[in-house]
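Please check each one against the structure as you go.

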Amino acid sequence: MSILTANRLDDGRVIYLGEDDRVVEAIAEARVLDEKTAEAALAYAAARPGIFVNPYLVETDGHRPSGRDRLKEAIRSAGPTVGNSLRRETA
């Protein structure tokens, strides 16, 4: 199983492909893909460079990253590690 992740073009935030091909920011909302749908999802995201920057698939156990890049992906899913500089303002 895997999920599709990338960075969003306009603000650089980590994004995931959610249900119904929606862009979501939380790993818990990402669509879990099987081998067959993963390749189609990757092609979908790659065809939208105005949204998805460098999309790729991440091995997962449900919504938890697994495989060799699990630590990197766990850190990415938790948000920026540079303090408050990238926090969103709420109105």
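1. Does T5 count as buried or exposed? The model is a predicted one, and in it T5 has a relative accessibility of 0%, so T5 counts as buried, the cut-off being under 20%. T5 belongs to strand β1, which covers residues 2–8, and its side chain reaches the backbone oxygen of I15 at 3.0 Å. Not counting residues up to four places away in sequence, T5 also touches others, including V14, Y16, Y56, E73 and R76.

2. Strands β1 and β2 run antiparallel and are joined by 3 bridges, with N7 having V14 in β2 as its bridge partner. The two strands form a hairpin with 5 residues between them, and G12 in the turn has a positive phi of about 80 degrees.

3. Strand β2 is in turn joined by 2 bridges to β3 (residues 23–24), again in an antiparallel arrangement, and L17 stands opposite V23. This hairpin has 5 residues between the strands, among them D20, which takes a positive phi near 55 degrees.

4. The largest nonpolar core has 9 residues, among them L4, I15, L17, L33 and F52. Two or more residues of this core come from each of β1, β2 and α1 (35–46), and α1 gives the most, with 3 residues. A second, separate core has 7 residues, including I3, V24, I27 and A30.

5. Leaving aside its neighbours within four places in sequence, L33 is in contact with M1, S2, I3, L4, A38, A41 and L57.

Conventions. Residues are numbered from 1 along each chain as its sequence is written. This is a predicted model: local features need pLDDT of at least 70, side-chain atom pairs count only at pLDDT 80 or more; totals for chains, interfaces and linings use all residues. Side-chain values use heavy atoms; hydrogens and water are left out. Helices (H or I, at least four residues) and strands (E, at least two) are DSSP runs, numbered from the N terminus. Buried means under 20% relative accessible area, exposed over 50%, partly exposed in between (1.4 Å probe, protein chains only). A polar contact is a pair of N or O atoms within 3.5 Å; within protein, one must be able to donate a hydrogen and the other to accept it, and residues adjacent in sequence count only if both atoms are side-chain atoms. Contact means heavy atoms within 4.5 Å. A nonpolar core is a set of buried Ala, Val, Leu, Ile, Met, Phe, Trp, Tyr and Cys residues joined through side-chain atoms within 4.5 Å. Two strands pair if DSSP finds at least two bridges between them.
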